[in-house]
Amino acid sequence: MRIQRLTIENFRGVKALDWTLPMDQRLVALIGPGDSGKSTILEAVHWLLGDRWSIPVSDTDFFGVDLSQTIRIQAVLVGLPDALKRDTAFGLWLSGVDSTGALHQDPDDTHTPALIAVLTIDDSLEPHWSVERVDGQSQLLTSAQRRHFSTFKVDDRTDAQLRWSRASALGRMSQRDGADRDALAAASRAAQQAIVDHESSPLSDLAEKVQKRANMIGGGRFSDIKPGLDTSRSSMGAGLALYEGAIPLASFGLGSRRLASLAVQQLASGERSVAVIDELEEGLEPHRAVRLLQYLRDDDAYSQVLVTTHSPVVVEQAKTENLATVQSDSGVVTVTTLSGSTAVLQRLRRSRPSSLLARRVVVAEGKTEHGVLLACLDDWDEARSSVGLSTSAGEGVAIQDAQGGSEVAPKASALHSLGYAVAGFMDADDPSVDVAVQEALDAGVQIVRWEPGNSIEDQACSGLSWKGLSKFIALGVERRAAESTVLDDLNVDHSENRVTSLDAADWQAQGITLEQARDRVATAANKRKWFKEVEDGRALGEWLLGYRTQPALEATIQRLNEIYAFCYPAAPVVPGAAVDSGDTSDEDAQGQEDAADG
């Protein structure tokens, strides 16, 4: 059985969702920023298709805590088990569905047989499960019937599945032959030794199956899982639980418990089950999370697996077609599968998978811009946190290194098409990218560029005075680690008019104009890669912010302010006013006057 279409209304953070799932993918990994509705989608599936006879509903499960708006969760199910297609079950209640997810009153040669399962909850807080027809007819759907859906959820409440109880998967499997009752009778006579004596019983066989499956799906190292007394619930009398040697599985780490819980529930649900797993990587090392992902994708025991993840490692290692982004606009949630995505988007995912987990993404041209942005975010975050405002992390900001100016606009456009808030940050010295930039702007992407013809080095030097240039050169010496190296840089392509001083004002005696000096310094910084690594770019960013109030840098700071406004929407402060501009010595004051004159 599979879910072909899922609709949700007024459930928790989801006001409305209408999602047609990809039928050619067993595994769908939901990714995107926090609070976009990913976990709510999984919980909705669990509430609707799980076999619990009751669920813990409260007022806060209603969107906006508005109890006047009924919660409605609906799934169109295809590939139904034979038990549900019999006339005595729901054979007469089947509808038809086409490849787009559109519903029809009856199945026929062109429409796949489907069952429309619905859960509604009104202000009485009483859940009501039913099957419906397109014409509105409905019939009660019981918990026993929902058990045929073979749907289960793995989350942080795993311990119950590692014990024999009436509601647990182990308990349901053991009810078939009464093995749990026999073991408990023996336990009451001889306590733990009686359980050990039953190692050849059906309970031990079941424990062995759990061990095999748990090791298979997560690279576990269990070697002696067996039944034992559940000592964690002594106040309620004797009980049975799974043990690894002398240690209850409930005492293991979270990751191991979740893997064991997954194994148990899959065995109880049988072949072709539907699994939902919130935070796939929780409690697992990256290599075990990736192994689990691959297992779930390839194991025929599952007909469909829906997971969420916030792990860049999982996003990077997953196949692109298995990923789907989740975006929320005031509760209206959109799920977009990456199946069939462009080569640009695939490159973006490989180079910086964390971008797909953010709310707001700045696509930076390269390492220089990346470093400048890191310096800016550090500075702005410090200023904002000092007055109680959100930081860039709180706003969900990520930086994507485009690895080249030609990649900025295409990658920004690809992210924008998935519903992300995106800004491009790039040079303006390559006219070959202008067409792509304009297309991105026309699509609604924000692009921040330097003044026409300028690289970041050109922009930084474009308004500097002689004194300002000397300070910029001094920054270059810090990054290049030697004055002689920077002198060589400044004399590249200038063999007939070499300079011998790092004080730019001395160059005037050689007939070098201020405009020529600016170009010479900018070209040296660019060609000789003063700031071409992230940490060098960070140093440049700190330098720019240190002199942010100088008129010479007004055009540069204006562009950075545009990035600030993007990263902190509705921001009540601007970076130029958030922090003291730094050194206010007489020498610097004179330098600002020089820069203004220049």
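These are my notebook entries on a predicted model, taken one region at a time.

**Entry 1. The whole chain.** I started with the overall counts. The protein has 21 helices and 22 strands. Of its 598 residues, 54% count as buried. I then looked at contacts between residues with a separation of 6 or more, and found that 69% of them join residues 24 or more positions apart.

**Entry 2. Strand β1 and its partners.** I turned to β1, which covers residues 2–11. This strand is mostly covered, with 8 of its 10 residues buried. Which strands pair with it? One is β4 (residues 71–78), antiparallel to β1 and joined to it by 7 bridges. In that pairing I found L6 opposite A75. Another is β2 (residues 14–20), also antiparallel, with 6 bridges to β1. Here T7 stands opposite D18. I noted that β1 and β2 make a hairpin with 2 residues between them. R12 sits in that turn and has a positive phi of about 50°.

**Entry 3. Two loop residues with positive phi.** I looked up V65 next, in the loop between α1 (38–49) and β4. Its phi is near 50°, a positive value in a residue other than glycine. V65 has a relative accessible area of 48%, so I put it down as partly exposed. K529 lies in the loop between α17 (514–527) and α18 (534–546). Phi of K529 is positive too, near 60°, and this residue is likewise not glycine. Is K529 buried or exposed? It counts as exposed because its relative accessibility is 56%, and the cut-off for exposed is over 50%.

**Entry 4. Helices α6 and α7.** I checked how α6 (residues 202–218) packs on α7 (residues 254–269). The angle is about 120°, and the axes are 8 Å apart. That angle makes α6 oblique to α7. The crossing is right-handed. On the α6 side I listed K209, V210, R213, A214, I217 and G218. On the α7 side the contact residues are L259, A260, L262, A263, V264, Q266 and L267. By class, I wrote down 9 nonpolar, 2 polar and 2 charged residues for this contact.

**Entry 5. A parallel sheet of four strands.** I moved on to an open sheet of 4 strands, in the order β20-β19-β21-β22, with parallel pairing. Why is one side of β20 and of β22 left without a neighbour in the sheet? β20 (397–401) and β22 (446–449) stand at the edges and each has a single partner strand, so one side of each has no neighbour there. From one strand to the next, the twist averages 20°. Strand β21 (residues 421–426) runs parallel to β22 and is joined to it by 4 bridges. For M426 I found R449 in β22 as the bridge partner. I also noted helix α12 (residues 405–417), which lies across β19, β20 and β21. Helix α12 runs at about 175° to β21.

**Entry 6. S355.** S355 counts as buried because its relative accessibility is 0%, and buried means under 20%. Which residues does S355 touch, not counting those up to four places away in sequence? I recorded L348, V361, A398, I399, Q400 and Y420.

Methods: Residues are numbered from 1 along each chain as its sequence is written. This is a predicted model: local features need pLDDT of at least 70, side-chain atom pairs count only at pLDDT 80 or more; totals for chains, interfaces and linings use all residues. Side-chain values use heavy atoms; hydrogens and water are left out. Buried means under 20% relative accessible area, exposed over 50%, partly exposed in between (1.4 Å probe, protein chains only). Contact means heavy atoms within 4.5 Å. Two strands pair if DSSP finds at least two bridges between them. Axes are lines fitted to C-alpha atoms, for helices over the stretch in contact, and angles run from 0 to 180 degrees between N-to-C directions. Angles under 35 degrees count as roughly parallel, over 145 as roughly antiparallel, 65 to 115 as roughly perpendicular and the rest as oblique. A crossing is left-handed if the near helix is turned anticlockwise from the far one by less than a right angle, and right-handed if clockwise. Ala, Val, Leu, Ile, Met, Phe, Trp, Tyr, Cys and Pro count as nonpolar, Asp, Glu, Lys and Arg as charged, and the others, Gly among them, as polar.
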